[in-house]
Amino acid sequence: MGCTVQRKWELYLNFCKGGMEVEEPQIRLGRLFLYSFKENNSTHPLVEVQRKDTSAVLDMKWCHIPVAGRALLGLADASGSVQLLRLAESEKSGHMLEPLSSLALEQQCLALSLDWSTGKTGRTRDQPLRIISSDSMGQLHLLMVSETGSRLQKVSSWQAHQFEAWIAAFNYWHTEIVYSGGDDGLLRGWDTRAPGRFLFTSKRHSMGVCSIQSSPHREHVLATGSYDEHILLWDTRNMKQPLADTPVQGGVWRIKWHPFHHHLLLAACMHSGFKILNCQKAMEEKQEATVLASHTLPNSLVYGADWSWLCFHSLQLVPSRPCPSDLGTKTADLKGASELPGPCRECMEDNHGEGCGVKSLTEDMRKNGTWLEATAAATCDCGQSPEAADSAFSLLATCSFYDHALHLWEWEGN
C-alpha cells in the first residue's frame, strides 16, 4: 500500500509540473550480505564474510533442501528478476555466495516475493523443485528449477490482483496449490495446473494482504497477515472463515513458522516491531493466538523477521548496562544477541519484560548507510531435529527500516 500511495503522489507531482511526460524508470540499488555465525563468540557472534551489490532485494529465501549438495538462495529483486545464488566453499572466508542463474519475470516491474515448493516436513525428494513469485503488476509467476539449480524456466504467468501482488506462497502439502495476497485486499488460492482460474477469493482482510505461509508441520494450516494489523489462521479445507483472528497493532509484512516447534509463529509488524505468537489454542480451539514476546524498536519499522535453523544453545550474554526490565520473573525471555549497526539502546518501549543486551558489531555499516534484509542460514533439511526441538533457545533475526539495522536475537521460551 505504501508503494501505491507513493507512486500516485509522484504521478500527481509530474502532472503539476506539466506533465503527461513519460516517467523514467527508477533505479533501485541494494546490497546482499553474508555472515558467519560464531556461537562461541558472545561479543561478536556475526562476522561479515561477503557483501554483494545488486538490485534492491525485496524478498529472499533459502531452499529448504540442498540442491546438488549445496545450499541455494533465491532473491526477488527490483529489476523484476528472480536470482539464484549457491553457497560455495571459499579458502579465504570459508563460504561465498556465487551467482547461479537469473530470470526476468516481466519488463518494468518489481519482483516482490518468492517461495520454494520444498517447505513441508518429511516431504518426498522426488517432487520437482519450483518457485512461485509475485510482482508489482499483480502477476504470479511459476518457475521450475533444474536439478543442479543452474537453470530457471518460467512455466506459467497469470494476472492475480488488480494492484501489487505483495506475496505468493505454496501450500507445502499440496504444491500444485498456491496462495497470493495483493494490495487490493484480496487473499486468493490458485491451482497451478489451471493458471488464471482462482479457487477462492477471500475479502476477510480489510486492507492489503502482504504475508502468507503454509505450516510446514500441520497439514491444512495457513497463516496470513495484512496492513489491517491482523494475523489470521486458516483451515485450507474451508477458506470462508478463519480459525482465529489475532490483532497485533501493526501492519504484518512477514510471518514465519518456527522450523521445529509447530505452534510458534514469528511476525514482522512494521511500527509495532516483531512478535512471537503461540498458535496452539488458535489451531485446536479456534481461540485468539497468544503473544509470547513482543519487541518494539523506537523510530523504526520492522519489515523482515526469520528464525534460524541452527541447533542453538544460549550465548550467555551480559547486558552492557543494567536494564530495569530484567529484574522480574519472566515466562519468556527475549534478549538481543547482536545488532548491526548501532549501540545498545535504553529499554525499548512495549518490550514485555525482555532484556536489552544489544551490542554494536560494525560501526562502519552505519557510515555506509546500508539496509539489511534478514534470513535464516538454512543449509540443513526441513525435517525436525530432535535436538533442536527439545531446545528452549531459539535464534531469530529481524531487519528494520529507518535505523538501517539487522538485529540478532536470542529467545528462551518456557
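**Labels and their grounds**

Me: Why is K286 called exposed?

Reply: K286 has a relative accessibility of 60%. Exposed means over 50% relative accessible area, buried under 20%, and partly exposed in between, with a 1.4 Å probe and protein chains only; K286 therefore counts as exposed. The model is predicted: local features need pLDDT of at least 70, side-chain atom pairs count only at pLDDT 80 or more, and totals for chains, interfaces and linings use all residues. Residues are numbered from 1 along each chain as its sequence is written, and side-chain values use heavy atoms, leaving out hydrogens and water.

Me: Where is K286 placed?

Reply: K286 sits in the loop between α2 (280–285) and β22 (290–295). Helices (H or I, at least four residues) and strands (E, at least two) are DSSP runs, numbered from the N terminus. K286 is not a glycine, yet has a positive phi of about 55°.

Me: Why is Q249 called partly exposed?

Reply: Q249 counts as partly exposed because its relative accessibility is 47%. Q249 belongs to the loop between β18 (244–247) and β19 (254–257).

Me: What makes S394 buried?

Reply: The relative accessible area of S394 is 6%, so S394 is buried. S394 lies in strand β25 (residues 393–401).

Me: How do you know that β9 and β10 pair?

Reply: Two strands pair if DSSP finds at least two bridges between them. Strand β9 (residues 139–145) and β10 are joined over seven bridges, in the antiparallel sense. L142 stands opposite S156 in β10.
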